[in-house]
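Hi,

Here is the structure I promised to pass on. Have a look at it first, and then read my notes below.

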Amino acid sequence: MSILNTDYRKCLDASERVSWTLTSVVPANAKLSFSRPFMPAGMHLAQQLDSLTSAEKLKLNQIFGRAYAYLFYFVEAYIVAATMEHARAELYGDEITLRTLLRFTEEEVKHQQMFLRFGELFDRDFGTEVGLTDSPQEVAGYILSKSPMAVLLVTLHLEILTQAHYVDAMKDDAEIDPLFVSLFRHHWMEEAQHAKLDALELEKLREGASPEQIAQAEQEYAEIIAAFAGLLGRQAVLDVTSLEMALGKTFDPQVREQIQQAQSLSYRRAFLWYGLTNPVFLEYLTERFPDLRAQTNALAEQFGRGPQ
Ligand SMILES: [Fe+2]
Ligand SMILES: [Fe+2]
């Protein structure tokens, strides 16, 4: 079913129906289970490396989970800023639309708090520090320097893929930490409305746009994806050091390189390839941005597969 088959009132009703509080999802006594992996094995390509023991792979998986959740906190910084602008544009307009966009913004700040709470629980009990890419505000500034249509296309991509990760890989995985799965189940419940709102807001912008403005937005979408690929590559480098610290050992340079490549590929598959090949996203692009749809296979190959 097309993501376009919705309206603001339906999104508002759904948002109110599924709403949850931070303390209900991450209560004060919440605890992560460090005997379990956090990320589904299929999303963590370092599982296939012969150079790591299963205990080392488990540590790396947990580091991956820490950074994966943090990256959603990270991108939500720009999503909050962008959504506030969309809400502001409805200030004296339609109140249903205004309320829906205000809830969208509030939910994203709540998600940021949820991912920060997870980070605190993780850091408290993991034992050693995990390096994380910094400057969410700087990245937000770069993304928001692009046209609002390009920004919304990237947001739609991310909000579709977080749901797909949960439904495809996390929901029925009995191995991974249940609190971690619960975070992404609650995220999914609210992101379902966000993706529809992205499509509705895109509709407003696209209708009034010239072919040149649409072409520019499509180009800028690809630029933001390329910048994101760079950021993910930097996170992969940090993960190797975090793993060495966690294990209290140093790997040979070629093993370091293998781990880094596997991590980089895992991040790019999760955050780029998964969106660029998602049927819901592709169906939307076919309907509304066919020229960008014509580039997605090449972009998936370029940015999603990572180093071969
Ligand atoms: Fe979110
Ligand atoms: Fe969202």
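Which residues does T105 touch, not counting residues up to four places away in sequence? They are V80, T83, M84 and A87, where touching, or being in contact, means that the C-beta atoms of two residues, placed from the backbone, lie within 7 Å.

Before the rest, a word on conventions. This is a predicted model, in which local features need pLDDT of at least 70 and side-chain atom pairs count only at pLDDT 80 or more, while totals for chains, interfaces and linings use all residues. Residues are numbered from 1 along each chain as its sequence is written, and chains are lettered from A and ligands numbered from 1 in the order in which they are written.

Back to T105, then. It sits in helix α4; helices here are DSSP runs of H or I with at least four residues, numbered from the N terminus. T105 is buried, as 20 other C-beta atoms lie within 10 Å. The cut-offs are 20 or more other C-beta atoms within 10 Å for buried, 12 or fewer for exposed, and anything in between for partly exposed, again with C-beta atoms placed from the backbone. L4 is 101 residues away from T105 in sequence, and their C-alpha atoms are 20 Å apart.

Q62 belongs to helix α3 and also counts as buried, because it has 24 C-beta neighbours inside 10 Å. Beyond four places in sequence, Q62 is in contact with F34, P37, F38 and F126.

Now the core. A nonpolar core is a set of buried Ala, Val, Leu, Ile, Met, Phe, Trp, Tyr and Cys residues joined through C-beta atoms within 7 Å. The largest one has 83 residues, and V75, A150, L153, V154, L156, Y221 and F271 have the most contacts inside it. Helix α3 (residues 54–88) is the top contributor to this core, giving 14 residues. If you click on V154, look for I143, Y221 and I224, which V154 touches when residues up to four places away in sequence are left out.

Towards the end of the numbering, look at α10 (residues 279–288), whose buried residues are F281, Y284 and L285. Down the axis of α10 these fall within an arc of 100° (taken from the directions from the helix axis to the C-beta atoms), so they line one face of the helix. They pack against α6 (148–170), α7 (178–207), α9 (253–276), α11 (290–293) and α12 (296–304).

What is the angle between α9 and α12? It is about 175°, with the axes 9 Å apart; axes are lines fitted to C-alpha atoms, for helices over the stretch in contact, and angles run from 0 to 180 degrees between N-to-C directions. That makes α9 roughly antiparallel to α12, a label for angles over 145 degrees. On the α9 side the contact uses R268, R269, L272, W273 and L276, which meet T296, L299, A300, F303 and G304 of α12.

Lastly, two loop residues. S135, between α4 (95–126) and α5 (136–144), has a positive phi near 60° without being a glycine. S135 counts as exposed, because it has 12 C-beta neighbours inside 10 Å. G208, in the loop between α7 and α8 (211–247), is exposed too, with 7 such neighbours.

Cheers

Methods. Angles under 35 degrees count as roughly parallel, over 145 as roughly antiparallel, 65 to 115 as roughly perpendicular and the rest as oblique.
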